Amino acid sequence: MGILAYGFGIELLGIHWRPAIIAGAVAMFIMPAVANLHNSYTDLEEDARNLPGRIALVNAVGVKNLKRMVRYGLALVIILCALIGWLALVLAVAGVLLLLSYSAPPLRLKARPFSGLLIFSFVIAYPFLIAVTAGETWVQWNSPLEERRWIWLAYLVLLFMAKGCVKNVPDYEGDLHAGIRNSATRFGSIQKASLFAVFATWICYSLFPLTVFLTQAPSNLYFAIPWALVAMLHVVRLLRSDSPVYLNSVLKWDMAVSVVFLAHLVVLVELSASAWTVALCCIFIIIFADAIGADSRASNHLPRQAAEAANDDTRLGTHCNES
């Protein structure tokens, strides 16, 4: 996600993919990966209910090792962003502080409905912001701040705040038990939380054509509308079952559709060889990750008995949907 948002910003402004810009793309790949590692050992209480398979992976790797990986990973992100320019460095440092505050005390921003969604949206908003300010190199200090940058930034923030609403639905029971008040647990039932997530997603994807129009972006971007419709139709599956395993499956494919949607934005804005390279690499990454089972939400990471029960729940949910 981060690489695609970053690539979209680079292509939107027509910035040349010099070595420093490529280093920034690598940083945008590392940062969310490190965020997931950090969250894996700060969310143990809720994950014990939501994602017991992830707990097993944390125990296998070891919290000490995970903390070491997070420190080195964040240091590398800051170094890579410093290669772009002074503003990218400032943004990277601020992003690292927000990342560490998302799920860890004393701030633990994820435990609040609005701030949790806002910080989650930075998964793509921050890479885009770093990309569109990449003209601020160490020797050039006054790139113009264009209105279209901020309109697209606002749209990406809203889009991934809605994505955060979807992400919180499968974790409803565990988050509720852990006392976390987020966009899902603020509702009295998982069905109401699902309905709100669907409603938010529909609004944000509906705003996409208006965003293209207001920013006077290349008309090719309108060709991404079919994927916006796919995303809108797919998210409705949240309403069909309250099984956590089923809902995690919906979340997985919702993220996959989001990757394809963002990949279309990267390619369609410029139709350049660099855009195609970025988009295809990101699609390959998600396909490869799925092929090797690198999804800690998947039931294959659960203990055997729990996995069998989870698969039974999924089949039951599918059967009920068909009925």
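## Helix packing, salt bridges and a nonpolar patch

H8 and H10 cross with a left-handed sense. A crossing is left-handed if the near helix is turned anticlockwise from the far one by less than a right angle, and right-handed if clockwise. This is a predicted model: local features need pLDDT of at least 70, side-chain atom pairs count only at pLDDT 80 or more, and totals for chains, interfaces and linings use all residues. Residues are numbered from 1 along each chain as its sequence is written, and side-chain values use heavy atoms, with hydrogens and water left out.

**Helix pairs**

Two packed helices are described by the angle between their axes and the distance between the axes. Axes are lines fitted to C-alpha atoms, for helices over the stretch in contact, and angles run from 0 to 180 degrees between N-to-C directions. Helices (H or I, at least four residues) and strands (E, at least two) are DSSP runs, numbered from the N terminus.

H8 packs against helix H10 (residues 190-206) at about 160°, and their axes are 8 Å apart. The two are therefore roughly antiparallel. Angles under 35 degrees count as roughly parallel, over 145 as roughly antiparallel, 65 to 115 as roughly perpendicular and the rest as oblique.

Helix H5 (residues 63-82) packs on helix H6 (residues 86-102) at an angle of about 160°, with 8 Å between the axes. That makes H5 roughly antiparallel to H6. The crossing of H5 and H6 is right-handed.

**Salt bridges**

Side chains of opposite charge can pair when their charged atoms come close. A salt bridge is a side-chain nitrogen of Lys or Arg within 4 Å of a carboxyl oxygen of Asp or Glu. By this rule the count is two.

Asp254 and Lys163 form a salt bridge, 3.3 Å from N to O. Asp254 sits in helix H13 (residues 244-270) and Lys163 in helix H8 (residues 147-168), so the pair ties together parts 91 residues apart in sequence.

Lys252 forms a salt bridge with Asp290, and the closest N and O atoms are 2.6 Å apart. Lys252 is in helix H13 and Asp290 in helix H14, so this pair links distant parts of the chain, 38 residues apart.

| Residue | Relative accessible area | Class |
|---|---|---|
| Asp254 | 1% | buried |
| Lys163 | 2% | buried |
| Lys252 | 30% | partly exposed |
| Asp290 | 37% | partly exposed |

**Nonpolar patch**

Phe29, Phe284, Ile285, Phe288 and Ile292 form a nonpolar surface patch, with about 520 Å² of accessible area together. Patches are made of residues with over 30% relative accessible area and no salt bridge: like charges are joined within 9 Å, nonpolar side chains (Val, Leu, Ile, Met, Phe, Trp, Tyr) within 5 Å. Accessible areas come from the Shrake-Rupley method with a 1.4 Å probe, and for residues only the protein chains shown count as cover.

Helix H14 (residues 273-291) gives the most to the patch, with three residues. Phe29 belongs to helix H2 (residues 19-42). Phe29 is partly exposed, at 44% relative accessible area.

**Contacts across the sequence**

Ile15 lies in the loop between helix H1 (2-13) and H2. Ile15 counts as buried, at 17% relative accessibility. Its C-alpha atom is 8.7 Å from that of Val132, 117 residues apart along the chain.

Tyr72 is in helix H5. Tyr72 counts as exposed, at 57% relative accessibility. Tyr72 and Val34 are 38 residues apart in sequence, and 9.3 Å apart in space, C-alpha to C-alpha.

Notes: Buried means under 20% relative accessible area, exposed over 50%, partly exposed in between (1.4 Å probe, protein chains only).
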